[in-house]
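Subject: Structure for you to look through

Hello,

Here is the structure I promised to pass on. Please open it first, and then read the notes below it.

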Amino acid sequence: MAFNARKIIAASLILLTAGAAISPAYAFDAKQKQEIGDFIKEYLVANPEILLEAQKALKQKQADEQSAQAQAAITDNEKAIFQSPYDVTLGNPKGDVTIVEFYDYNCGYCKRALSDMETILEKDKNVRFVLKELPILGPDSMAAHKVSTAFRAIAPEKYGDFHRALLGGEDRANEETAMAVATGLGVPEADLRKKMAENTQDDAVKEVYTLANDLGITGTPSYVIGKEAVYGAVGAEEIETKVTNVRTCGKTVC
């Protein structure tokens, strides 16, 4: 009975929605529409779990659409995602699986996810870990990014230390705190400011913003592993599972 009722509801909703396209000879009159509406309301009140099922189905549909969009974006932007000249790579530069992380130095979840990166790099010596700075949390993040970009250009071999110190610090990342980390690693402030003045176009951040938009990234941290975009601080264990699957079957889910 429930199955039939659901079919009736579905058919009724389709007909009501498509009413404008129905021939006048077959269109519902006001009384019929009222009767159908009353029936649907009565059934949904008596079986509210249907609304939860519909909500779950909608979320799954949206997730599937987002995943398909991301997969297409990864295919179309493979070089910019995995081999951009603006990025710094940690771990094994010739690793068989690449993890790309989008982060903001003022993102609390990114700070907690720093330990996930460290765990993965410590346990897996064949992972290539690419860092993409996505400053989206206000002027302080952008100011820190400008120092970060200058430091990366001058001393890329020290960027891993810079990244760990700034992201792992307790203070809010801004120009002052980023400059303190950078000079503490041996790069003179005058050199940093000269490089910052030269980099007025900031092509690196433009590229990352474009990639984030194409991939459907709206928050940090987010990752790209294989052909999948992973949103949020999912933890080292889940990332490790995806890496293992890529090695096993070429996909993050086997």
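I began with strand β2, residues 97-103, where 7 of the 7 residues are buried. Buried means under 20% relative accessible area, exposed means over 50%, and partly exposed is in between, with a 1.4 Å probe and protein chains only. Strands are DSSP runs of E with at least two residues, helices are runs of H or I with at least four, and both are numbered from the N terminus. This is a predicted model: local features need pLDDT of at least 70, side-chain atom pairs count only at pLDDT 80 or more, and totals for chains, interfaces and linings use all residues. Residues are numbered from 1 along each chain as its sequence is written, and side-chain values use heavy atoms, without hydrogens and water.

In a regular strand the side chains alternate between the two faces of the sheet. On β2, one side carries V97, I99, E101 and Y103, the other T98, V100 and F102, and all of these are buried.

Which strands pair with β2? Parallel to β2 runs β3 (residues 127-133), joined to it by 7 bridges; two strands pair if DSSP finds at least two bridges between them. T98 has R128 in β3 as its bridge partner. Between β2 and β3 the chain passes through helix α5 (residues 108-123), and this β-α-β crossover is right-handed, which means that, with the strands pointing away from the viewer, the path from the first strand over the helix to the second runs clockwise. One of the bridge partners is Y223 in β4, which faces E101.

The structure has 1 disulfide, a pair of cysteine sulfur atoms within 2.5 Å. C249 and C254 form it, with their sulfur atoms 2.1 Å apart. The torsion about their S-S bond is about -95°, so the disulfide is left-handed. C249 is partly exposed at 34% relative accessible area, while C254 is exposed at 56%.

Finally, there is 1 cavity of 30 Å³ or more. A cavity is a set of points on a 1 Å grid over the protein atoms alone where a 1.4 Å probe fits but cannot get out, and lining residues have an atom within 4 Å of a point. The largest cavity holds about 60 Å³. Its lining includes L131, H145 and V205, and β3, α6 (139-154) and α10 (203-215) each supply at least two lining residues.

Best wishes

Methods
1 Å grid on protein atoms, 1.4 Å probe; cavity = no way out; pocket = protein on both sides within 12 Å on 5 of 7 lines; lining within 4 Å. Points joined across faces, edges and corners; volume = space filled by probe spheres on them.
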